[in-house]
Amino acid sequence: MPATRALVASQTGRVHAALGDERSAQQHLGAADALVADGLADVPAWVDYFDAAEHAGARAVSARDLAGLHGDHRHASVHFTDALRLRRPGFDRVKVMDRIGLAAALFTEGEPEQGAAAAHQALDDATRVDSTLVASRLNTLLDAARPYRTTPVDEVRTRATDLVAARPTNVAA
């Protein structure tokens with residue numbers, strides 16, 4: 001089934017990216033790209049959550065991971081933007097994680113003003129979602145904002161720190 005093959009390829013690419021294996025990551029993510037572009041056809045209920053938005057999210061996290069491991073900027077923000085645009089209603093927690101990822105990616109890509117604006121929107125949404133995973137992702141945002149010392153970024157840092165303190169977690173982002 002195309003949907004299950006795309007899901008496996010997308011997640012396998014994400015794992016390879018986390019391990020720093022860019023060639024294998026791109027091979028699997030590219031295979032998932034092709035399957036998603038061709039259409040997922042009849043999607044079994046057990047993988048109904050997997051769609052173009054979920055794959056874009058996997059691409060975004062993969063780009064972020066590879067950038068962190070290789071020290072270059074892979075523009076994960078483009079993929080997070082795609083994921084947000086494609087998300088279906090009812091995926092509020094995932095959408096918040098995408099927004100946090102977008103803000104962190106913009107900081108990492110050297111766009112602190114855009115990152116701060118995206119972060120404020122993410123933080124507004126994060127206050128409405130009670131999720132340990134979302135709280136842990138805020139640590140990723142704080143790490144990405146660390147190099148910047150401007151008033152808008154300091155405001156993001158304060159809000160994110162307050163939210164993390166209100167929802168402590170030991171889950172790794």
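The following dialogue explains how to read several features of this predicted model.

Biologist: On what basis are the values to be read?

Modeller: The model is predicted, so local features need pLDDT of at least 70 and side-chain atom pairs count only at pLDDT 80 or more, while totals for chains, interfaces and linings use all residues. Residues are numbered from 1 along each chain as its sequence is written, and side-chain values use heavy atoms, with hydrogens and water left out.

Biologist: How many helices and strands does the protein chain have?

Modeller: Helices (H or I, at least four residues) and strands (E, at least two) are DSSP runs, numbered from the N terminus. Here the protein chain has eight helices and zero strands, in the order α-α-α-α-α-α-α-α. With a radius of gyration of 16 Å, close to the 16 Å of the globule rule for 173 residues, the protein chain is as compact as a globular protein of that length. That radius is taken over C-alpha atoms, and the rule is 2.2 Å times the number of residues to the power 0.38.

Biologist: What share of the residues of the protein chain counts as buried?

Modeller: Buried means under 20% relative accessible area, exposed over 50%, and partly exposed in between (1.4 Å probe, protein chains only). Of the 173 residues, 46% count as buried.

Biologist: Is arginine 99 buried or exposed?

Modeller: Arginine 99, in helix H5 (residues 92–108), counts as buried because its relative accessibility is 18%. Contact means heavy atoms within 4.5 Å. Leaving aside residues up to four places away in sequence, arginine 99 touches Leu84, Ala118, Gln121, Ala122 and Asp125.

Biologist: How many aromatic pairs does the structure hold?

Modeller: Rings of Phe, Tyr and Trp (its six-membered ring) pair if their centres lie within 6.5 Å; planes under 30 degrees apart count as stacked, over 60 as edge-to-face and the rest as tilted. The structure holds one such pair. The ring centres of phenylalanine 107 and tyrosine 148 are 5.9 Å apart and their planes stand at 35 degrees, so the pair is tilted. Because phenylalanine 107 lies in helix H5 and tyrosine 148 in the loop between helix H7 (132–145) and helix H8 (151–166), the pair ties together parts 41 residues apart in sequence. Both phenylalanine 107 and tyrosine 148 are buried.

Biologist: Where does threonine 158 lie?

Modeller: Threonine 158 lies in helix H8 and is partly exposed, with a relative accessible area of 47%. From C-alpha to C-alpha, threonine 158 and leucine 142 are 9.5 Å apart in space, and they are 16 residues apart in sequence.
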